[in-house]
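Subject: Structure for your review

Dear colleague,

Please find the structure below, together with its sequence. I would be grateful if you could read the notes that follow alongside it.

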Amino acid sequence: MLKIATWNVNSIRKRVNQLCNFMVNDQIDIMLLQETKCTEEQFPFEEIEKLRYECAVYGQVARNGVCVLSKYPILEKFNIEIVEGHQEARYIECVIKYNNENVRVISVYVPNGQSPDSHMFEYKLKFFDNLHERISNLLKNEELIIIAGDYNVAPNEIDVFDANLLNGQVCFHIKEREKSKAILNLGFKDAFRMSHPNLRQFTWWNYQGNSLRSNQGMRIDYMLLSPQAIDKLETCYIDDRLRKLENPSDHTPVVCVIDI
C-alpha cells in the first residue's frame, strides 16, 4: 500500500514540526506540499531528511512554493512554469520508484484569482488551460499519475458550505469550475469523491471569524488519479486534525491509499 498525502502547509518553516509529526505518525510514504513560502536555500532539509525522506523542492521567496517528499527514490524532477511569463513556483512533477513501478506525482498550487473581475482571475483560467494541456500530454504515456494539491476551486455544491452565497465568487465561479472539470473529462477521477460520493467535508476554512467552529469551509484541495491509478485506489480521506492545532495552516491534509 502506498500512502500519499497533499497539504497546503502555508509556510513550511512555521509548521515543520506539525509536518514531521504527521508524516511519522500517519506513516506517509509521499507528501505533496504547497505554499511552502521559502527558497530552496531556506528549506528545512535537515529536519525532513533525518526522517529518511528524499526532497524535491521548487521554492520562491516568501510566497508560493511546492515540493515532493518521498520515502522512495525520486528518479526525475521537473519544475515547470505553467504560464509563461509568470515566474511562480506552482508546479513540481516527480517520477518515483515504488516496488519496481514508476509513479508520477505532481504537486500543484493553482492561483487564487483574487476576484472574478481582476486580471489575476484571467491568469487563473489560463493556468487551468495550460495545466490541462500538460496533463493531457502526460496521459499519452499511459502512466500511473497522481496530481494533487490546492486547486483553489470547489468542484460542486456539496464541496462548499453555502452554494447560493458563494456562487459567482472566486473559488466557486462557474468559469473556474468548468476548467477544473475539463481535467476530469480527460479521464482523471477525484479520489475523495470516489471514496465518499455523498460526504460534505472541507479542506480549507478562513482564519477570520468562526469559520472552523461553524464549519464554513470549502473542499479546494484534492487528488486526481489517472485511469491507471483509479482501479488501485483503496481509500481517500480528509484529515482535519491539523487544522485544529495551535497555529495551524488554514488548510488540512488529504490522504490517499493506493494498492500497487
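The model is predicted, so local features are reported only at pLDDT of at least 70 and side-chain atom pairs only at pLDDT 80 or more, while totals for chains, interfaces and linings use all residues. Residues are numbered from 1 along each chain as its sequence is written, and side-chain values use heavy atoms, with hydrogens and water left out.

Helices (H or I, at least four residues) and strands (E, at least two) are DSSP runs, numbered from the N terminus. Two strands are taken to pair if DSSP finds at least two bridges between them.

Six strands make up an open sheet of mixed pairing, in the order E5-E6-E7-E8-E12-E9. Strands E5 (74-79) and E9 (189-190) stand at its edges with a single partner strand each, so one side of each has no neighbour in the sheet.

Within the sheet, strand E7 (residues 101-109) is mostly covered, with seven of its nine residues buried; buried means under 20% relative accessible area, exposed over 50% and partly exposed in between (1.4 Å probe, protein chains only). E7 pairs with strand E6 (residues 91-98) in the antiparallel sense over eight bridges, and Glu93 has Ile106 of E7 as its bridge partner. The hairpin of E6 and E7 has two residues between the strands, and Asn99 takes a positive phi near 50° there. E9 and E12 pair in the antiparallel sense over two bridges, and the partner of Lys189 in E12 is Leu225.

In helix H5 (residues 174-184), Glu176, Arg177, Ser180 and Ile183 are buried. Seen down the axis of H5, these residues fall within an arc of 110°, so they line one face of the helix; the arc is that of the directions from the helix axis to the C-beta atoms. The buried residues of H5 pack against helix H3 (119-139) and strand E12 (221-225), contact meaning heavy atoms within 4.5 Å.

The structure holds one cavity of 30 Å³ or more. A cavity is a set of points on a 1 Å grid over the protein atoms alone where a 1.4 Å probe fits but cannot get out, and lining residues have an atom within 4 Å of a point. The lining of the largest cavity includes Ser180, Lys181, Asp190 and Tyr222, and its largest share, three residues, comes from H5.

With kind regards

Conventions:
1 Å grid on protein atoms, 1.4 Å probe; cavity = no way out; pocket = protein on both sides within 12 Å on 5 of 7 lines; lining within 4 Å. Points joined across faces, edges and corners; volume = space filled by probe spheres on them.
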